[in-house]
Amino acid sequence: MSDTMERWMGMRRRTVIGGAVAVAATMSAGGLAATPRKRVGVVGGGIIGASVAFQLARAGADVFLFEKERPAAGATQASVAWINPVVNDATYMRLRLESMAAWLEDDRVLGLQAVWGGSVSWAYADKEKALRAKAEVLQGTDDPPRTLSAGQIRQTCPGVNPGDGVAFAFQSHKDGHVDPVHATERYLAAAAAAGAKILYPCEVTKILLTGSRVTGVRTSKGDFPLDMLVSATGTDTPHIMAMAGKQLQLAHKPGLVIHTDAQPVVTDKVFEASSLIEFKQYADGRFLTSFTGGPPDLPVHAEVLKRQMQHPSEELRQFHGQMLIARTAEYIPAIGNAQPVKILVGFRPYPLDNRPICGPVPGVEGLYTIVTHSGITLAPILGRYAAQEIATGRQAPSLAPYRPSRYIAA
């Protein structure tokens, strides 16, 4: 038995979702029916690719997921994994709200173990205007923000100290967060139980074309004939598009993410400190903290601001881990006793307008791409809509503003 097949079979054997996977595999998927059965390849084993593979498999497609390293190895594992609707764009927020509803369903059925503790965001004077704009957009939802003072944050969230310079803050009650690696593994296990083949390590090295139509892929494990190919490859999307003769530029957004060892649980919320640091604590006591604003524009950071790279030395990696923990401890002292377990430089897939790109690639029949920031929040709904469009040909109106034609010419 090949290494790939052993991993796939092992994933099926380790599926411990109880009866939920069987239920999920037989759900109607909103009436989808892939007839005749389509052979669909999904490139990328992050949470979006996993969600797409699951939805396609339960819709009746023959699904092959190709992951060049291991599931959740890219942007997924380095995500804060905050499930929220907060953007200053009402149309985009509606899509995120749709996905939050889908999150509740998938969490219940698949056991994704999301924590629904809400969130608290605050801003100092330089970021006050932007945070107020987000709060204003949220007023029209079923979770209108509750404005807080610095003192009220301390009362609402014992053990959290935002400092005395808070210019504006609000609390949302319905936000959640999740371990994105665990959630990805659950989606993949459910996809495998529904018949998908999960192949890794298996790198796509060439898109096979007949004229302008996709007919398959060449991979490190051989050639696979396909009717359709979905790219869900995050920051690698420009590389995959180039295989089809298309150009796509993404913004380069590095961010430092630290996972700590387990500590006594003090909160179930996600916190955003003036668009600089986001932090949370998992139900098992692990903390996650992230410099979401990226590194300062200094000469020492020139290389990481230009290209994807990890720390050049273990010493520097450990320094950054301890530095971010110490900085976060100014807001939540309980993290000060924690030790870093994972120190990641995460590179986030950012379309240039910070809006999702989702749909058929112009000029290449049978090629579909999904790339977005906020992939954790959007994974459930993008999986559903992509499966609908691929399996039935019916366009999803909610995706109309986000088509690849914004950036990719036919």
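The model is predicted: local features require pLDDT of at least 70, side-chain atom pairs count only at pLDDT 80 or more, and totals for chains, interfaces and linings use all residues. Residues are numbered from 1 along each chain as its sequence is written, and side-chain values use heavy atoms, with hydrogens and water left out. Helices (H or I, at least four residues) and strands (E, at least two) are DSSP runs, numbered from the N terminus.

- Helix H3 covers residues 47-58, and its 12 residues reach 17 Å from the first C-alpha to the last, close to the 16 Å expected at 1.5 Å a residue; the expected span is 1.5 Å times one less than the number of residues.
- Because 12 of the 12 residues of H3 are buried, the helix is largely enclosed by the rest of the structure; buried means under 20% relative accessible area, exposed over 50%, and partly exposed in between, with a 1.4 Å probe and protein chains only.
- Glycine 60, which follows H3, has a positive phi near 105 degrees.
- Helix H7 (residues 180-193) has 14 residues that should span 20 Å at 1.5 Å a residue, and its end C-alpha atoms are 20 Å apart, which agrees.
- H7 is mostly covered, with 11 of its 14 residues buried; among them are Pro180, His182, Arg186, Tyr187 and Leu188, together with the run Ala189, Ala190, Ala191 and Ala192.
- The N-terminal end of H7 is capped by aspartate 179, a side-chain oxygen of which lies 3.1 Å from the backbone nitrogen of valine 181. This is a polar contact, that is, a pair of N or O atoms within 3.5 Å; within protein, one must be able to donate a hydrogen and the other to accept it, and residues adjacent in sequence count only if both atoms are side-chain atoms.
- Just after H7, glycine 195 adopts a positive phi of about 110 degrees.

**The open sheet E9-E10-E11**

- Three strands form an open antiparallel sheet in the order E9-E10-E11; two strands pair if DSSP finds at least two bridges between them.
- Strand E9 (204-210) and strand E11 (222-225) stand at the edges with a single partner strand each, so one side of each has no neighbour in the sheet.
- The twist averages 25 degrees from one strand to the next, where axes are lines fitted to C-alpha atoms, for helices over the stretch in contact, and angles run from 0 to 180 degrees between N-to-C directions.
- Strand E10 (residues 213-219) pairs with E11 in the antiparallel sense over 4 bridges, and threonine 219 has glycine 222 of E11 as its bridge partner.

**Strand E16 and its partners**

- Strand E16 (residues 286-291) has 5 of its 6 residues buried, so it is largely enclosed by the rest of the structure.
- Strand E13 (residues 251-262) pairs with E16 in the antiparallel sense over 5 bridges; alanine 262 is partnered by arginine 286 of E16.
- Strand E15 (residues 277-281) also runs antiparallel to E16, joined by 5 bridges, and glutamine 281 is partnered by phenylalanine 287.
- E15 and E16 form a hairpin with 4 residues between them, and glycine 285 in the turn has a positive phi of about 100 degrees.

**Methionine 228**

- Methionine 228 lies in strand E12 (residues 228-231) and counts as buried because its relative accessibility is 14%.
- Leaving aside neighbours within four places in sequence, methionine 228 is in contact with Arg39, Val40, Gly41, Gly366, Leu367, Tyr368 and Ile390; contact means heavy atoms within 4.5 Å.
- Methionine 228 and valine 63 are 165 residues apart in sequence and 9.7 Å apart in space, C-alpha to C-alpha.
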